[in-house]
Amino acid sequence: MITNNRLTETQYEQNFSDIHPMFETKDAALVAANKCLFCYDAPCTKACPTSIDIPKFIKQITTENIKGSAHTIFQSNIFGAGCGKVCPVEKLCEGSCVYNLMEETPVQIAKLQRYSSEKAIEENWKLFESKPSNGKKVAIVGAGPAGLSCAHVLAREGVDVTIYEKESKGGGLMTYGIAAYKVTPAFCEDEVNYILSIGGIDVKYNQTLGKDFSLEELQKNYHAVYLAFGIGTINKLNIPGEDLVGVEDAIHFIYNIRTNDFKNIPVGDRVAVIGMGNTAIDAATQSKRLGAKEVTMVYRRTEAEKTCTQHELDIARLDGCATLWLAAPKEIMGENGKVKALVCDVMKLGEPDVSGRPTPIPTGETITLEVDMIIKATGQKPYTTLVEQIGLENNKGKIILQADKASTNVKGVFAGGDAINGGKEAVDAVQAGKDGAASILSYLEIKN
Amino acid sequence: MANISSNFLGIKSPNPFWLASAPPTDKKINVLRAYEAGWGGVVWKTLGSQVKNVSSRYSSVDYGGHRVMGFNNIELISDRPLDINLKEITEVVKLFPDRAMIVSLMADNNKKAWHELIKKCEDAGAMGFELNFGCPHGMTERGMGAAVGQDPEIAKMVVEWVMEKATIPVITKLTPNVHSVVPTGKACVEAGTNALSLINTIQSVTGVDLDTLVPNPYVAGKSVFGGYCGPAVKPIALKFLTTIAQDPTTSKVPISGIGGVSTWRDAVEFMLLGSSTVQVCTAAMKHGFRIVQDMCEGLNNWMDEKGFKTIDDFIGKSVNKITHWEDLDINYHHVANINQDKCIHCGLCYIACEDTSHQAINLQNENPYNIYTIKEDDCVGCNLCKLVCPVDNCITMEEKRVAPEYINWKMWQEQGLPLNDH
């Protein structure tokens, strides 16, 4: 049965409390910070898509220059606080920490990053000043990590920025698409407000491109346009039974959790989550945390090919989610229009495909899971129709960029983020925004 | 098992580790706890005229997240009445007759005062004296402590007064607040002191509070120069110790080494450079008396490994290893080698060499782990890379003599050999 209000207020609170608590004391932060060796040309910085000078910001914690530390972080990544919570650091900065090569646990980079950056947000430190307005106007579509990162760089350089955002809040998938126990909506709001506090950035909410305004209007009214509208809903499974009640899109499911009280979110008794990326994990763990009795993650390859990180999978397992490897959804069975079971082909691994991973091949056998809810997390669809309509060169809906990693085929129109890459980490989007801003500044002949 | 017992001028102790004259040795309760923990002896905190202390009296220097790398105090000599101290000394000696009981003295500047104090302490059961000519704060303003130790003539006069009266061994403790400890050391030996000890604390300001702008330690809006000690002063202490151990006059008497000893390793270093016993204070103040257990065990194990049966087998063994610069072998050359299997690619060796030394490390850009290798021809063998490397034995210095024969700077000049290597 799919129903809401399965738990008590206290249980919801416990299940969705931050899994990334802050250092409780300054001393704890100092012990962690003093572990950093202050590497030169540091592997952690190289592994960070936004190239945060990690040894520098950690050193600044040890000298009790927390403002300087926060500035170092935000200079490279204006979403440094949120990224400290949502980045898969085990495969980025912390995964590259030289301590790993000593068979020693890495420096707690993300936690230290949160220490300085969250302090800056709490205290509302003014760490950046905008140059006087240079009269240039840039429109940005999408107030997610890419759009806001681009906007912040432009605002610093004296550009007047207007952001058009389809939702009622900024932050993009950071606000709407991440498990609540990793980053709360309230935190996202504070972070967005802090980013906007630099001034010179006007955000128009509830404005959807192609509906409330057109690209032509932007091209006419602004000196340049940056498209950072991200990516759409989950790909269809294209199997029988997909329209039954109880089949849900992970993005939609997570969006609802982000925008409602937990007690209002219905979840099944027995849930199957299809896919093994980080979104699938967020859907599975949150189903469990909302009170589902059984959650099974279904993936057509094996654990070795999973696209989520080990850390993420561990969270799911610790939450009690089961995994079913080598199973590809074949049909969803229903009863009275509601989901009753998921039938999967049992697969085996064949030759590597274009992604280099072995291709799953049906063995001919099937396996049936008795479930009442199915959450699809099998990769998101680009906004292909929109991209085609506005005449952008694209690859199956993913916008193709020029050599500067920011210009589209249309003069004065730039793009970045998930709309280009089909969905990567928030930290990648932040870097895309910086690249976009650099290209726009150069296009507008503004020297930074 | 090696024998780590000590016999210092007939004063016996089960190990060579004494607690230095300082707050940890100023009353019975502390000293009994120290003996129960296993300390070989104590130098009872300096006795003299009645003084009054201020409240706030210690401050320290932290480094890299570690507390008390250096420590400073502005405490005066014992502020407890003399008769209580003497009574407690008697009681302690009775309970632990096998431990060394040295009493530190700083009488007023007249012979009578010294003689009276000596008599009382001997009657109380002291086994030896240590003359405090080193305390650098407070007492100096009254013409005592370092004010005595800084002037060889005055020091000599006071030692002569003491030697007239004392019937037990006398150790004179030297101040490091001088260019060289040798003149005072010599004067004291010539005046008859039976032994020397060094160093006392070094005048210092440990830091300034960046909120109040008042230096440490804070005493009602003011501060004062304090005496510096702890691990930070060890290298300075070892240098002064060596000069005493090498001088023909001062080396005739045994030495008790002091200054930043925290572990058995530190203690062994002091002993190799001529100390017969070592005295500890800051490490005990930081961790308590229990540290002596590892000091004894570590010393014992090291002696067993090295084949030393008694401490006399190695005391002073490194003294003649410190020579004059002009006697060093110019043909000795070594170059760094980075063990690539151990390297963690932190780049610390590279940036140190590139920015501040000889640009002798090659950087091969890789993602994310750069590869660092030594440019042997450019390496002068300075050791900097090895010192900053966080991995034990990753960077080693490999001997590559320029030529087999020994040649020093004097010979080099005599032979008119070229000076410019570059």
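Biologist: At what angle do the axes of helix α9 (residues 145-156) and helix α18 (residues 426-443) of chain A cross?

Modeller: This is a predicted model, in which local features need pLDDT of at least 70, side-chain atom pairs count only at pLDDT 80 or more, and totals for chains, interfaces and linings use all residues. Residues are numbered from 1 along each chain as its sequence is written, with chains lettered from A and ligands numbered from 1 in the order in which they are written. Helices (H or I, at least four residues) and strands (E, at least two) are DSSP runs numbered from the N terminus, and axes are lines fitted to C-alpha atoms, for helices over the stretch in contact, with angles from 0 to 180 degrees between N-to-C directions. The axes of α9(A) and α18(A) come within 7 Å, and their crossing angle is roughly 40 degrees.

Biologist: Is the crossing of α9(A) and α18(A) left-handed or right-handed?

Modeller: Because these axes cross at roughly 40 degrees, α9(A) is oblique to α18(A) (under 35 degrees is roughly parallel, over 145 roughly antiparallel, 65 to 115 roughly perpendicular, the rest oblique). A crossing is right-handed if the near helix is turned clockwise from the far one by less than a right angle, and left-handed if anticlockwise. For α9(A) and α18(A) the crossing is right-handed.

Biologist: How many nonpolar residues does the contact of α9(A) with α18(A) have?

Modeller: Residues are in contact if their C-beta atoms, placed from the backbone, lie within 7 Å. Ala, Val, Leu, Ile, Met, Phe, Trp, Tyr, Cys and Pro count as nonpolar, Asp, Glu, Lys and Arg as charged, and the others, Gly among them, as polar. Beside one charged and four polar residues, the number of nonpolar residues is 12.

Biologist: Which residue of β10(A) is the bridge partner of Glu331(A)?

Modeller: In chain A, three strands form an open antiparallel sheet in the order β9-β10-β11, strands being paired if DSSP finds at least two bridges between them. The edge strands are β9 (327-335) and β11 (358-370). Eight bridges join β9(A) to β10(A) (residues 338-352). The partner of Glu331(A) is Val343(A).

Biologist: How many residues of chain A are in contact with chain B?

Modeller: The side of chain B that touches chain A comprises nine nonpolar, six polar and no charged residues. Those 15 residues of chain B meet a chain A side whose residue count is 14.

Methods: Two residues are in contact if their C-beta atoms, placed from the backbone, lie within 7 Å.
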